[in-house]
Structures are given as C-alpha cells and as structure tokens.
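This report covers a single protein chain.

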Amino acid sequence: MSGGAGTVRDAMVSNPGRLPADASAQAAGELLQRPEVRAVYVTEDERLVGVVTRKTLVREVVATGRDPGTTPLREIAEVPHYTIRPDLPLEDAFRFLEAEDAERVPVVDEQERLIGVLSRSVLQRRLAEDEEPPEDDEPPDLLPAA
C-alpha cells in the first residue's frame, strides 16, 4: 500500500457534542461549561442544522436579554461555514483546514447527517504519527491477518 494517512473517518471524533434543534440555549450552555467542549452541534433528525458556541450564547441570548430556558437552539444556531465528508483524504482535509484557518469542522455524510468532527490539532498529530515509525504504546487499529 503506497503512502497516505487515511481518510477523515480515520481521524475524526465520532459522536461530537450535539443537541436537538428544539433543546434550550440553557442546555447548550450547560454542555459548553465543560472545558473540553468548544461547540455544540445542533441537529434535526440527525441532520446538522447549526453550531452553538459560547460566543453564540453571549451574542444571541445574553446580550439580547432572551430567556435561555425557553430559547430553542434552532433560533440561535449558526449555520456551519463548511462541512467535510468522511472519505476525504487526510492531507486534503488538512490543507482545507489550514486554508480556512479553521480549528474544527463537522463531518457529515451524503444525507448531511452529523457523524463526527475533525479537529486541526488531532489531524496534525495524526499526520505527524504517520511520518514516524509507530510506537508500541498504543494497540494497532487492526490486528494483522494470520
């Protein structure tokens, strides 16, 4: 098999933080309190309809005096600037994130269903690992065929 670091599916985080479009802004705020959660993906019937970040909550709810307990996410979620497909080669995905200066991008399938998120830091680590000999501290993804 000749070079190549695999596809987006190999490096994406599956099941990113998501809430349904009719969930409240308060529910998103509770998720965003966790330091590792940078964005909440808003879905309707598994299809990605938007993204909510701390900035979104401040701008759309706090600054406008809306009630976070009754404001549905569908009213404040920002349509994602871009999405990415799971079968895109990682090198192409990395060039795309660099060109757009994006830290992360949602991964959607052909039906626009949210299946993961690709982060630039994870992708950089993955590409760097592929250039070095593998270390023994992690089990391989697949055992070699006997």
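Leaving aside its neighbours within four places in sequence, which residues is I76 in contact with? I76 touches A25, V52, T56, L57, E60, V61, R66 and T71, where contact means heavy atoms within 4.5 Å.

## Basis

This is a predicted model, in which local features need pLDDT of at least 70 and side-chain atom pairs count only at pLDDT 80 or more, while totals for chains, interfaces and linings use all residues. Residues are numbered from 1 along each chain as its sequence is written, and side-chain values use heavy atoms, with hydrogens and water left out.

## Overall layout

The chain has six helices and six strands, taken as DSSP runs numbered from the N terminus (helices H or I, at least four residues; strands E, at least two). From the N terminus on, their order is α-β-β-α-β-β-α-α-α-β-β-α.

Of the 146 residues in the chain, 34% are buried, that is, under 20% relative accessible area with a 1.4 Å probe and protein chains only. Among contacts with a separation of 6 or more, 57% join residues 24 or more positions apart.

## Nonpolar cores

A nonpolar core is a set of buried Ala, Val, Leu, Ile, Met, Phe, Trp, Tyr and Cys residues joined through side-chain atoms within 4.5 Å. The largest one holds 15 residues, of which V52, L57, L73 and I76 touch the most other members. Helix 2 (25-32), strand 3 (40-44), helix 3 and helix 4 (73-76) each give two or more residues to this core; helix 2 gives the most, with three. Apart from this core lies another, of 13 residues, among them L90, A93, V105 and L123.

## Helix 2

A25, A28 and L32 are the buried residues in helix 2. They lie on the same side of helix 2, because they cover an arc of only 60 degrees around the axis; the arc is that of the directions from the helix axis to the C-beta atoms. Their cover includes strand 2 (18-20), strand 3, strand 4 (47-52), helix 3 and helix 4.

## Second largest pocket

On a 1 Å grid over the protein atoms alone, a pocket is an open set of points where a 1.4 Å probe fits, with protein on both sides within 12 Å along at least five of seven lines; lining residues have an atom within 4 Å of a point. The second largest pocket has a volume of about 530 Å³, the volume being the space filled by probe spheres set on the points.

Its lining has 18 residues, with A39, V51, T53, H81 and R104 nearest the centre. Helix 3 (54-62) and strand 5 (104-108) are the elements that give two or more residues to this lining. By type, the lining residues are nine nonpolar, two polar and seven charged, where Ala, Val, Leu, Ile, Met, Phe, Trp, Tyr, Cys and Pro count as nonpolar, Asp, Glu, Lys and Arg as charged, and the others, Gly among them, as polar.

Terms used. Buried means under 20% relative accessible area, exposed over 50%, partly exposed in between (1.4 Å probe, protein chains only).
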